[in-house]
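I opened this notebook to record what I looked up in one structure. The entries follow in the order in which I made them.

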Amino acid sequence: MRSNTIEISPVGACVGAEIAGIDLREPLAPQVRETVQQAMNEHGVVFFRDQALTEDQHISLARQFGDININRFFSHVPTHPEIALVVKEPDQTRNIGGGWHTDHSYDRIPALGSMLYAREIPPKGGDTLFASMYAAYDALSDGLKQTLEGMRGVHSSRHVFGVKRGDLEGRIGNYELATQDATHPVVITHPDSGRKALYVNPGFTIGFDGWTADESRPLLEYLYRHAQKPEFSCRFQWQVGSLAFWDNRSTWHYALNDYQGERRLLHRITIEGVALG
Ligand code: OGA
Ligand code: MN
């Protein structure tokens, strides 16, 4: 249905919104695309329900927001290298993304975000948490904000994707490609929203540029503990046909691993971003 009754309903107080009234199979009219973009700027992650996308439609949808990043570590749909597989089989115990993180912060030009589309969901469990790094930043004291201004974080994929891990065998590969690290401002000015966001994350940030690991740890741990406050987060419960489109620069996410013995399969397309300064 081509509808002009688009409804945007916030999920959390400061992060996440569900958007109803858009059929993602169709090319988006410019003002609809703009509505989605604005909702992303405001809420950091947007959710759509009851979409029935083929792989090609998923790819066309993503292309309307930028170029596609072909993930070098994830396994992909054999016929569609643009689509990474986020999967856990019933006999696998470890999930992908099972801790707070931001995808791609280890890249020099970190991806804008991802469109994750649910194809198989366990009968219960398997939700995803999202946290707003706008809200986390805003809630810091003026003193700490000032201290962080001008600092850079060092981000790496080596400790995550650079080690061969039996528990993720078949799902993650190309360990030898996890070589480059990147630095980014600890506080970024978001390229689309113009808002300031805290840009360090427990998954990939290993220290502050020019600081030792020992010096960095206490402040990073403080920032991680602060940013994990439930007040800054929301929780999304998937159904088959749900699609989440998140902004990597302004949010963290966490895939809950509470569905042992069940299969969970999502298709992820990641969109290229811009340098963060
Ligand atoms: C990801 C990820 C979250 C999930 O695809 O980057 O972390 O809930 N997935 O599967
Ligand atoms: Mn992730």
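I began with a definition: a residue is buried under 20% relative accessible area, exposed over 50% and partly exposed in between, with a 1.4 Å probe and protein chains only. By that rule, buried residues make up 53% of the 277 residues in the protein.

I noted that this is a predicted model, in which local features need pLDDT of at least 70 and side-chain atom pairs count only at pLDDT 80 or more, while totals for chains, interfaces and linings use all residues. Residues are numbered from 1 along each chain as its sequence is written, chains are lettered from A and ligands numbered from 1 in the order in which they are written, and side-chain values use heavy atoms, with hydrogens and water left out.

Next I looked up the secondary structure, which comes to six helices and 17 strands; helices (H or I, at least four residues) and strands (E, at least two) are DSSP runs, numbered from the N terminus.

I then turned to the metal. Which residues coordinate the manganese ion (ligand 2)? I found H101 (NE2), D103 (OD) and H253 (NE2), at 2.1 to 2.2 Å. Donors are N, O and S atoms within 2.8 Å of the metal (3.2 Å for Na, K and Ca); water is not among the atoms, so sites may look incomplete. Along the chain, the donors of this ion follow the spacing H-x1-D-x149-H. D103 lies in the loop between β6 (80-88) and β7 (113-120), and H253 lies in strand β16 (residues 251-255), 150 residues apart. I recorded both D103 and H253 as buried.

Lastly, I noted that the C-alpha atoms fill a box of roughly 55 × 45 × 30 Å, taken along the principal axes.
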